[in-house]
Amino acid sequence: MYVKNQKNVNKVHKIISCLKTLEFKPHIKKFEDRLILQKVIYLLKLNGVDTGFDYGFYIRGPYSPELTREMYCQQNAFENLDSKLKLTPEENKKVEELKRLFGLDPGLLEVAATYGYFVIEKKLSPVEALKRVKKFKSFFSETQLAVGISRFKQLLFRPSAEEIAGMKQEVAVWQKVAIKRLGG
């Protein structure tokens with residue numbers, strides 16, 4: 001028999017608050033909704049919105065059995081987005097960024113979470129992580145893999161102000177050439 005404890009209740013409320021921001025009302029009995037929820041929470045964890053759930057690697061990528069148990073035990077709370085907890089402004093910003101990059105696309109979320117698992121958790125090089133993702137996610141197209149990994153990088157590896165200034169300077173040269181060729 002499973003008994004709710006206060007620590008898990010607090011974790012669940014944080015997740016539900018994230019789901020509210022995402023405007024995602026999951027149906028726990030639907031596999032795709034559970035997959036989306038697992039991958040969203042994992043990517044948020046990697047981005048600093050920690051809910052306290054541990055993840056391992058399973059068939060469909062990073063997965064938390066404890067989170068799945070909570071989904072079923074607190075199904076009504078998840079499905080009704082029943083939580084009064086408010087995210088911090090920083091957490092809210094990170095959830096909004098994830099929403100902007102991925103929406104609720106289960107394929108992109110699965111690819112990104114799997115790539116993140118190999119790069120962050122297993123500390124593999126980007127090339128080796130890509131090889132592993134291709135091995136475990138061979139049912140995804142090259143395009144889906146490229147987009148999922150690219151969006152993961154956008155989510156977690158933001159350039160510094162100095163790097164952005166350097167990129168703008170580099171692009172400015174190309175823009176001048178383009179304008180000149182177009183007769184501007």
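1. Confidence. The chain has a mean pLDDT of 90, with 95% of its residues at 70 or more; pLDDT is the predictor's confidence in each residue, from 0 to 100. This is a predicted model, in which local features need pLDDT of at least 70, side-chain atom pairs count only at pLDDT 80 or more, and totals for chains, interfaces and linings use all residues. Residues are numbered from 1 along each chain as its sequence is written, and side-chain values use heavy atoms, leaving out hydrogens and water.

2. Where to be careful. Helices (H or I, at least four residues) and strands (E, at least two) are DSSP runs, numbered from the N terminus. Where pLDDT is low, the predicted coordinates should not be read in detail.

3. Arg 60 and Glu 110 meet in a salt bridge at 2.8 Å, N to O (a side-chain nitrogen of Lys or Arg within 4 Å of a carboxyl oxygen of Asp or Glu). Arg 60 is in the loop between strands S1 (56-58) and S2 (61-63), and Glu 110 is in helix H6 (residues 106-121), 50 residues apart. Glu 110 also forms a salt bridge with Lys 137, the closest N and O atoms being 2.6 Å apart. Salt bridges that share partners join Arg 60, Glu 110 and Lys 137 into one network. Both Glu 110 and Lys 137 are buried, while Arg 60 is partly exposed at 33% (buried is under 20% relative accessible area, exposed over 50%, partly exposed in between; 1.4 Å probe, protein chains only).

4. Helix H3 to helix H1. The structure holds eight salt bridges. One of them pairs Glu 66 with Lys 11, with closest N and O atoms 3.1 Å apart. Glu 66 sits in helix H3 and Lys 11 in helix H1 (residues 6-22), 55 residues apart. Lys 11 is buried, at 9% relative accessible area.

5. Glu 70, also worth a look. Glu 70 is found in helix H3. Glu 70 is buried yet has no salt bridge, and the nearest side chain of opposite charge, Arg 69, is 6.4 Å away (Lys and Arg count as positive, Asp and Glu as negative; His and the chain ends are not counted). The Glu 70 side chain does make a polar contact with that of Gln 74, at 2.6 Å (a pair of N or O atoms within 3.5 Å; within protein, one must be able to donate a hydrogen and the other to accept it, and residues adjacent in sequence count only if both atoms are side-chain atoms).
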